[in-house]
Amino acid sequence: MAAKAQKPVNDDNAELSALINGEPLTGTAREAFFETLFSRRSVAPKRLGAPGPSQDELELIIAAGLTAPDHGPLRPWRFLRVPDERRAHLANLFAEEKRLYQPEATEAEVEAERARAFNAPTLIALLVDITENHPKVPVHEQYISLGAAAANMLLACHAMGYGAMMTSGRKIDTPTLQQAFCKKPSERLIGFLSIGTAMRQPKTRVPVTREDHFEDWTG
Ligand SMILES: Cc1cc2nc3c(=O)[nH]c(=O)nc-3n(C[C@H](O)[C@H](O)[C@H](O)COP(=O)(O)O)c2cc1C
């Protein structure tokens with residue numbers, strides 16, 4: 001029997017296969033992982049231009065979100081893309097909210113609110129479907145799971161070279177906006193993920209003081 005042809009092994013691929021088999025990342029793959037993690041910064045929606053992610057790239061971003069830690073599992077997340085043809089409708093909702101909750105707002109301020117609906121090439125609404133009184137999974141864990149999904153999506157965007165940011169704004173909890181996105185009373189719109197090409201590179205992160213956030217428990 002003829003010997004099987006050996007596939008050439010690319011070092012990076014070998015390192016990634018090891019990870020999937022439960023072995024630690026090494027070498028360039030490990031460096032790339034931490035480089036991606038530590039270099040991510042949010043990019044404000046108004047600084048996001050075209051192009052946004054392709055459909056295939058967006059699928060990857062969503063897939064990254066769907067790997068979030070999830071007690072239950074409850075799969076409490078729902079992501080709704082706001083297509084281009086619905087942006088004007090969203091803009092009207094933003095304007096309506098602004099007028100309702102800030103009647104003294106100037107026309108320019110209302111227009112600025114309206115513009116938010118058009119900023120990023122890709123706009124994803126982030127929703128959580130809350131199960132109240134779950135025997136094992138308290139409500140806060142369900143919100144945490146959505147946050148983890150969003151963090152994964154932000155990282156996936158950054159890994160593919162896109163800028164992204166999660167925003168909510170004061171208007172997020174208004175009934176009009178909630179009703180426009182939620183299809184049942186248990187759902188809640190948490191915010192939006194804006195994705196596009198950074199028109200200006202964000203500033204490097206100011207390091208967080210480790211001691212303020214990590215120490216040995218002495219209790
Ligand atoms: C749920 C949630 C909602 C947010 N909403 C806003 C917002 O409306 N406006 C804003 O400027 N930042 C908002 N942020 C903060 C930014 O998304 C971002 O995390 C922050 O600017 C820090 O930037 P970094 O991601 O580069 O560390 C929100 C963050 C979270 C987690």
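**Exercise 1. Where is the place of R75?**

Solution. The model is predicted: local features need pLDDT of at least 70, side-chain atom pairs count only at pLDDT 80 or more, and totals for chains, interfaces and linings use all residues. Residues are numbered from 1 along each chain as its sequence is written, and side-chain values use heavy atoms, with hydrogens and water left out.

Step 1. R75 sits in the loop between α3 and β2. Helices are DSSP runs of H or I with at least four residues, strands are runs of E with at least two, and both are numbered from the N terminus.

Step 2. Check the backbone. R75 is not a glycine, yet its phi is positive, about 50°. Most residues other than glycine have a negative phi, and most peptide bonds are trans.

Step 3. Look along the loop between α3 and β2 (77-81): P73 is found there too. The G72 to P73 peptide bond is cis, with omega near -5°.

**Exercise 2. Which residues does the cis peptide bond with omega of about 0° join?**

Solution. Step 1. The bond joins A50 and P51.

Step 1. Locate the proline. P51 lies in the loop between β1 (48-49) and α3 (55-65).

Step 2. The protein has 7 helices and 5 strands. From the N terminus, the order is α-α-β-α-β-α-α-β-α-β-α-β.

**Exercise 3. Describe how α4 and α5 meet.**

Solution. Step 1. Take the axes, which are lines fitted to C-alpha atoms over the stretch in contact, with angles from 0 to 180 degrees between N-to-C directions. Helix α4 (residues 87-101) and helix α5 (residues 107-115) have axes that come within 8 Å and cross at roughly 140°.

Step 1. Classify the angle. Therefore α4 is oblique to α5. The cut-offs: under 35 degrees is roughly parallel, over 145 roughly antiparallel, 65 to 115 roughly perpendicular, and the rest oblique.

Step 2. List the contact (heavy atoms within 4.5 Å). From α4 come A91, N92, F94, A95, K98 and R99; from α5 come E107, E109, V110, E113 and R114.

Step 3. Sort these residues. The contact of α4 with α5 has 4 nonpolar, 1 polar and 6 charged residues. Ala, Val, Leu, Ile, Met, Phe, Trp, Tyr, Cys and Pro count as nonpolar, Asp, Glu, Lys and Arg as charged, and the others, Gly among them, as polar.

**Exercise 4. Which backbone N or O atom lies 2.6 Å from an oxygen atom of the ligand?**

Solution. That atom belongs to M166. A polar backbone atom of S168 is 2.9 Å from a ligand oxygen atom.

Key
Polar contact = N/O pair within 3.5 Å; in protein donor to acceptor, adjacent residues only side chain to side chain.
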